[in-house]
Amino acid sequence: MDHAERPHEPQHAQAQAQALRDVGRRHLDEHDAERWAALIRPGVRLAVADEEWDTAELSTAARLGGLPRLPDGTHWPTGPDGVPLAFVAAVDCAALPAGSPDLPLPADGTLAFFASAPPAAGRVLHIPAGVPGGVRPAPPGTVVFPAVRLIARPECTAPFPDHPRVREAFGLHTPQDLYEHPVYGQSFLDELAEYGHRFEHRVGGCAVASGVPEYRAAAGPAGSPAVTDPAAATARDIARALEWVLLAQFHHEPAEGMLGHPDDPAPAGRRRGALVWLIREEDLTRGDFDAAVLVPRF
């Protein structure tokens, strides 16, 4: 069976995986094309239902904004400074398509995502199914974003060449290695860009934000030295970044009221980006969502 081909993937995801494999086959030699295929990962795209989506086959799996449902006795999450965080989204684990994403997520319950506005600090809570609780009003002064219901669609994703998994797979350890390899060729990048939609909501797979957030997560707390130019990443930087996987990513669009700062001087819609939550695989396996890290990207 081909590396990215899985029997449980729906037809759309299988076609997408095949298209991504074909990009490698057109631009890489046989051995590198196999390495490329092994990097393709299943994820879940979360989007608003419209006429382009067959809603009869797609479950409602998440909600942006609104007010969260919190267990009795759970305090509203705050940042390191003690200021209440804004509620960003809730993902229903049981409603995610089987096998997508390929992460050891809880079988049920809700993952609730909170972030400061403007985004800097974030938290993730896992709220088990059936625990007593209710919808909680936001603390005074805490921004509440418009509520939007999202449906889930399995999709296959591929990393861009700066990703640490690409660097490791192809043995690209120096800037010269990078720019001499076909995965950095313009024709390869142009085709790959057709499948990487930066401004979208997703769970698992590969982050589509620029700047390779895995390096930022591996740097530790804010203020610690971080890799700002992925091409300059050392073998040690790559090894540390490989420990992190994408948990979820949410499109940040001030023009739509999503985590926009009221004092932002930029024209509406200009500061677009993504709120990227990453977590170490070992922490995810333990269910330690306090270990998740928010990396805002613009």
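Predicted model: local features only at pLDDT ≥ 70, side-chain atom pairs only at ≥ 80, totals over all residues.
## A buried serine in a loop

Is serine 100 buried or exposed? With a relative accessible area of 4%, serine 100 counts as buried, because the cut-off for that is under 20%.

Who are its contacts? Leaving aside residues up to four places away in sequence, serine 100 touches Pro42, Gly43, Val44 and Pro154.

Ten of them make up an open sheet, and going across it the order is 6-5-4-2-8-1-9-10-11-12, with antiparallel pairing. Strand 6 (122-127) and strand 12 (293-297) are the edge strands; each has a single partner strand, so one side of each has no neighbour in the sheet. From one strand to the next, the twist averages 25 degrees.

For a look at one pairing, take strand 2 (residues 60-64) and strand 4 (residues 86-92), which run antiparallel and are joined over three bridges. Which residue of strand 4 is the bridge partner of leucine 64? That would be alanine 89.

## Aromatic pairs

Searching the whole structure turns up seven aromatic pairs. One of them brings together tryptophan 76 and phenylalanine 114: the ring centres are 5.7 Å apart and the planes stand at 75 degrees, so this pair is edge-to-face. Tryptophan 76 belongs to the loop between strand 3 (69-71) and strand 4, while phenylalanine 114 belongs to strand 5 (residues 110-115), so the pair ties together parts 38 residues apart in sequence. Tryptophan 76 and phenylalanine 114 are both buried. Ring pairs also bring in Phe87, giving a cluster of Trp76, Phe87 and Phe114.

Phenylalanine 250 and tryptophan 277 make another edge-to-face pair, at 6.1 Å from centre to centre and 75 degrees between the planes. Here, phenylalanine 250 comes from strand 10 (residues 244-252) and tryptophan 277 from strand 11 (residues 273-280), so to speak distant parts of the chain, 27 residues apart. Both phenylalanine 250 and tryptophan 277 are buried.

## Salt bridges

Side chains of opposite charge can pair when their charged atoms come close. How many salt bridges does the structure hold? There are eleven. One of them joins arginine 45 and glutamate 200, whose closest N and O atoms are 3.5 Å apart. This pair links distant parts of the chain, 155 residues apart: arginine 45 is in strand 1 (residues 41-47), and glutamate 200 is in the loop between helix 5 (186-193) and strand 9 (201-204). Arginine 45 is partly exposed at 25% relative accessible area, whereas glutamate 200 is buried at 3%.

Glutamate 281 and arginine 165 also meet in a salt bridge, at 3.4 Å from N to O. Glutamate 281 is part of helix 8 (residues 281-286) and arginine 165 is part of helix 3 (residues 164-170), so parts 116 residues apart in sequence are tied together. Glutamate 281 is partly exposed, with a relative accessible area of 40%, and arginine 165 is partly exposed too, at 23%.

## A charged network

Arginine 280 and glutamate 243 form a salt bridge as well, with 3.3 Å between the closest N and O atoms. Arginine 280 lies in strand 11 and glutamate 243 in the loop between helix 7 (235-241) and strand 10, 37 residues apart. The relative accessible area is 27% for arginine 280, which is partly exposed, and 39% for glutamate 243, which is also partly exposed.

Notes: Residues numbered from 1 in each chain as written. Heavy atoms only, no water. Pairing = 2+ DSSP bridges. Helix = DSSP H or I, 4+ residues; strand = E, 2+ residues; numbered from the N terminus. Axes fitted to C-alpha atoms, helices over the stretch in contact; angles between N-to-C directions. Phe/Tyr/Trp six-rings, centres within 6.5 Å; stacked < 30°, edge-to-face > 60°. Buried < 20%, exposed > 50% of the residue type's maximum accessible area, 1.4 Å probe, protein only. Contact = heavy atoms within 4.5 Å. Salt bridge = Lys/Arg side-chain N within 4 Å of Asp/Glu carboxyl O.
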